[in-house]
Amino acid sequence: MKSDCLRLLPKLFVLLAMIGCARAEQQPTYDLVEVPFLTNREASVNRKGQLRFSADRAETTGGRCKLRVYELPDAEVVVDAFEALTADAAIGELESEDSQRVTLYVHGYNIGLERACRDAAVLARRTGFEGRTLLFSWPASRTVITYHKDAGRFAASMPQIFDALDELGRRYGRSNVNIVAHSMGSRLVRDAVRLTDMSKGRFGELVLIAPDVDRDAFVDALPDLERLVDDITVLVSNDDRLLLLSQTVNLGARLGQAGGEEIDGVDVIDVTGLEDAGFGGHLYHLTNEAVGGVIGSILNGQLRDDGGNSALD
């Protein structure tokens with residue numbers, strides 16, 4: 001019996017080696033990515049010496065997210081660490097050569113900094129703007145029930161967001177600076193003209209994704225917005241259940257809901273019925289590869305039509 005067991009050992013070692021090789025082959029590959037950010041979240045250092053950011057508002061500072069971005073199409077992202085930078089240094093992290101465009105990404109409600117970094121990394125990859133995307137993370141909480149408190153935090157953060165835009169414009173040229181805002185982050189359009197110097201010229205593309213903005217308020221602000229940016233694109237969907245909830249809470253139709261009248265001077269892309277639209281049908285810019293590609297074309301100035309409503313092909 002003992003000799004039989006000994007004869008089985010080599011076969012067992014071979015089998016274990018084969019299993020180990022198979023597991024190694026199944027390991028997903030990833031890229032190490034860094035995403036620069038500006039934030040007006042209050043920063044602190046925990047007992048382990050790790051940098052952490054709260055939902056309390058403070059002066060604008062900068063930083064760098066260090067992430068692992070796994071292969072598309074899933075594009076799973078893991079944040080390994082935050083690194084502190086000055087705001088000026090964070091803006092200088094963008095890799096813009098020969099007047100290439102850069103993008104400022106402003107996230108929505110209920111998003112912590114770690115998730116905001118992951119989202120910015122995915123958006124940058126899907127749009128082809130890796131190395132040219134700067135995240136602005138305002139002090140949104142990570143609690144669903146703080147919607148109205150987050151709305152107040154965002155309103156208080158808008159001057160700092162536009163200070164960042166003005167600095168980006170000074171460094172890279174305003175026409176080379178795109179603005180991408182998601183959900184509540186799209187509310188920057190309401191006070192945009194009041195908070196920036198219109199005499200310095202227009203910014204590039206303004207892309208509003210699932211904007212949680214009152215539709216009528218947007219239409220009222222549009223004449224001023226058209227003097228602030230070269231072109232405006234709005235992505236809308238009737239499958240967006242989170243905007244339906246917002247409509248109930250705010251007692252008014254949201255800009256990101258499909259089915260409204262055409263808006264002169266605005267390109268509207270209707271993604272209703274799209275698969276892979278993310279949680280609540282609200283995150284399609286991160287979960288759907290085709291949407292990311294279309295946004296990338298817009299940001300590069302390669303997708304521009306005569307305005308009006310259009311569907312995503």
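**Entry 1: strand pairing.** I looked up S4 (residues 102-106) and found that S4 and strand S6 (residues 177-182) pair in the parallel sense over five bridges. Strands here are DSSP runs of E with at least two residues, helices are runs of H or I with at least four, and both are numbered from the N terminus; two strands pair if DSSP finds at least two bridges between them. Tyr105 has Val180 as its bridge partner in S6.

A note on sources: this is a predicted model, where local features need pLDDT of at least 70, side-chain atom pairs count only at pLDDT 80 or more, and totals for chains, interfaces and linings use all residues. Residues are numbered from 1 along each chain as its sequence is written, and side-chain values use heavy atoms, with hydrogens and water left out.

**Entry 2: the other neighbour.** I then checked strand S5 (residues 133-137), which runs parallel to S4 and is joined to S4 by four bridges. Thr133 in S5 is the bridge partner of Thr103. From S4 the chain crosses through helix H3 (residues 113-127) to S5 in a right-handed β-α-β crossover (clockwise from the first strand over the helix to the second, with the strands pointing away from the viewer).

**Entry 3: the faces of S4.** Are they covered or open? I found Val102, Leu104 and Val106 buried on one side, and Thr103 and Tyr105 buried on the other (buried is under 20% relative accessible area, exposed over 50%, partly exposed in between; 1.4 Å probe, protein chains only).

**Entry 4: Leu168.** I placed Leu168 in helix H4 (residues 147-172). Leu168 touches Leu104 and Leu134, among others (contact means heavy atoms within 4.5 Å). Its relative accessible area is 0%, so Leu168 is buried.

Notes. Lists of a residue's contacts leave out its neighbours within four places in sequence.
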